[in-house]
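The following note sets out points for a colleague to read beside the model. It moves from the annotated regions to the overall fold and the surface.

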Amino acid sequence: MAPSADRHGYWGQPTSTLDWCEENYVATFYIAEFWNTVSNLIMILPPIYGAIQTFRDGLEFRYVCSFLGLAAVGVGSWCFHMTLLYEMQLLDELPMIYSTCVFVYCLYECFKQENTISLFPIALLIIFSVSVTLVYLQWKEPVFHQVMYGALVACLVMRSLFIVTWVYPWLRPLCYTSLGVFLLGFLLWNIDNIFCNTLRASREKLPSGVGVATQFHAWWHIFTGLGSYLHILLSLQIRSTYLKHRPNIKFVCGVWPTLHIEPQKTS
């Protein structure tokens, strides 16, 4: 990890238990980690659009919550990296647990009748979320949070691979793309942690425009944000296909994927 602070800024001395490899208050006096902050836009704007589109299509509210949960993670991460305050760190890390629990519920309940609510898995996920929250508030160890988050992600990966292997194999490209993009972000997150000193030294020698490309924690936001967004699309497509809603992926400006529900054909 990076030293506790490089320069003093608007938000004062960092109080978070983590301080990432980006140099603090270099780009502006008002944002501690500029690139780690603005890279969260990919986790805020597209999911909000996805939530609106999902609501307009009349799909189940759990998927609106999925998109809004991802957006909440983006907002929390923005606040954390902007301030490096402990309270904002919690606003980043705890929503990661809560939103992923929503993802787990959606994916494990995708083959049920429309608008049914299963109380048992909801209760289990709430107990898990509350337990993680209480333990983490008392035991301020980031590795604990990372392991709990990783366990939830592992549940999603296993369930996704099962579905695209045995139920809807034609969804493998979307599943593998989502998983591959997310794993790429995880790889860059580890590189940023392990080789921080080397990366910082390289930025001192490289032109500023080139050095930005070595802000691997910001790339972690971009790739995991995209991977998570694609996972919601995958979950939505699985659910919509099961309910015979005729899902169709379209691209905004020919680039960004969105899911739309085609109207049912009338005979």
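1. UniProt positions are given in the numbering used here, feature names are shortened, and annotations may be inferred rather than shown by experiment. The unreviewed UniProt entry lists as "transmembrane region" residues 34-52, 64-83, 95-111, 118-137, 143-167, 174-191 and 218-236.

2. The model is predicted: local features need pLDDT of at least 70, side-chain atom pairs count only at pLDDT 80 or more, and totals for chains, interfaces and linings use all residues. Residues are numbered from 1 along each chain as its sequence is written, and side-chain values use heavy atoms, with hydrogens and water left out.

3. Helices (H or I, at least four residues) and strands (E, at least two) are DSSP runs, numbered from the N terminus. The protein has 10 helices and 2 strands, in the order α-α-α-α-α-α-α-α-α-α-β-β from the N terminus.

4. Two of the listed regions may be described further. Residues 34-52 are 68% helix and 0% strand, with end C-alpha atoms 28 Å apart. Residues 218-236 are 100% helix and 0% strand, and there the end C-alpha atoms are 27 Å apart.

5. Along the principal axes, the C-alpha atoms fill a box of roughly 65 × 45 × 30 Å. Of the 267 residues, 51% are buried (under 20% relative accessible area, 1.4 Å probe, protein chains only).

6. Contact means heavy atoms within 4.5 Å. Of the contacts between residues at least 6 apart in sequence, 65% join residues at least 24 apart.

Definitions and conventions
Buried < 20%, exposed > 50% of the residue type's maximum accessible area, 1.4 Å probe, protein only.
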